[in-house]
Amino acid sequence: MIGISILTFGLGVATAPAQATGATQAYYSYSNEVYLGGNYMRAASGPTLNDTNFGGWNVSATHFVTPFLGVTADFQGDYGHAPISPSAQLANNPFVYQHLFFLGPQIRWHRSERFSSSLRILVGATDTVSNSDTGRIPPSTFGLYPSATTLSLKPGGTFDLNLSPRVALRLAPGVLLERQGGSFQRDFNVSTGIVFRIGRNN
């Protein structure tokens, strides 16, 4: 429902008449954007474990069909250590990581010479690896979710501060929605980095 609401709102705004001046238009006449950034996620590695910090990378590419509507492919990796209870079978907190792959619409609902923002809802998969440190012992022994690939949803947005028509700084908050070990999980996610605009067509 969160993702549907975001998408519905974004579509409504995206169809509004453009108010861009000639100077503003110069920043958004490029048909493609490539984003490179770092990522932070706050998540639990098991159904009874506390949330912990994960860090990693985020790369995305967006092709804008119009100056307002684009299609985004998004790739993300997050890495951290799960805070398990002390165990004679495992001396240290196990290393856990996820690789995530998404595709979906991105709607640019505000643009000016200095700043732009977008809404997007991305659908894809999360590949979780929980057993890299546990050897042959099942991750569930330590309260971890099993290693698995699951369907995921990533609604969120982007906020870009233009440095030039071709380069911008980006802050991209979002929510990661997925099923882990048969239960529903909702995690906070935020990425920051640099956007490069290429391919002047729009």
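This is a predicted model: local features need pLDDT of at least 70, side-chain atom pairs count only at pLDDT 80 or more; totals for chains, interfaces and linings use all residues.

**Exercise 1.** Work out how the rings of Tyr 27 and Tyr 28 are arranged.

*Solution.* 
- Step 1: A search of the whole structure gives six aromatic pairs.
- Step 2: For Tyr 27 and Tyr 28, the ring centres are 6.3 Å apart and the planes meet at 40°.
- Step 3: Planes under 30 degrees apart count as stacked and over 60 as edge-to-face, so this pair is tilted.
- Step 4: Tyr 27 and Tyr 28 are both buried.

**Exercise 2.** Now classify the pair Phe 75 and Phe 101, and say which strands it ties together.

*Solution.* 
- Step 1: The centres lie 6.3 Å apart with the planes at 75°, so call this pair edge-to-face.
- Step 2: Phe 75 is in strand β3 (residues 69-81) and Phe 101 in strand β4 (residues 95-111), so the pair links parts 26 residues apart in sequence.
- Step 3: Phe 75 has 36% relative accessibility, so it counts as partly exposed. Phe 101, at 44%, counts as partly exposed too.

**Exercise 3.** Describe the largest cavity and its lining.

*Solution.* 
- Step 1: There are two cavities of 30 Å³ or more, and the largest has a volume of about 80 Å³.
- Step 2: Its lining has 14 residues; Ala 44, Ser 45, Val 96, Gln 98 and Thr 128 lie nearest the centre.
- Step 3: Sort the lining by type and you get six nonpolar, six polar and two charged residues.

Key
Residues are numbered from 1 along each chain as its sequence is written. Side-chain values use heavy atoms; hydrogens and water are left out. Rings of Phe, Tyr and Trp (its six-membered ring) pair if their centres lie within 6.5 Å; planes under 30 degrees apart count as stacked, over 60 as edge-to-face and the rest as tilted. Buried means under 20% relative accessible area, exposed over 50%, partly exposed in between (1.4 Å probe, protein chains only). Helices (H or I, at least four residues) and strands (E, at least two) are DSSP runs, numbered from the N terminus. On a 1 Å grid over the protein atoms alone, a cavity is a set of points where a 1.4 Å probe fits but cannot get out, and a pocket is an open set with protein on both sides within 12 Å along at least five of seven lines; lining residues have an atom within 4 Å of a point. Grid points are joined across faces, edges and corners, and a volume is the space filled by probe spheres set on the points. Ala, Val, Leu, Ile, Met, Phe, Trp, Tyr, Cys and Pro count as nonpolar, Asp, Glu, Lys and Arg as charged, and the others, Gly among them, as polar.
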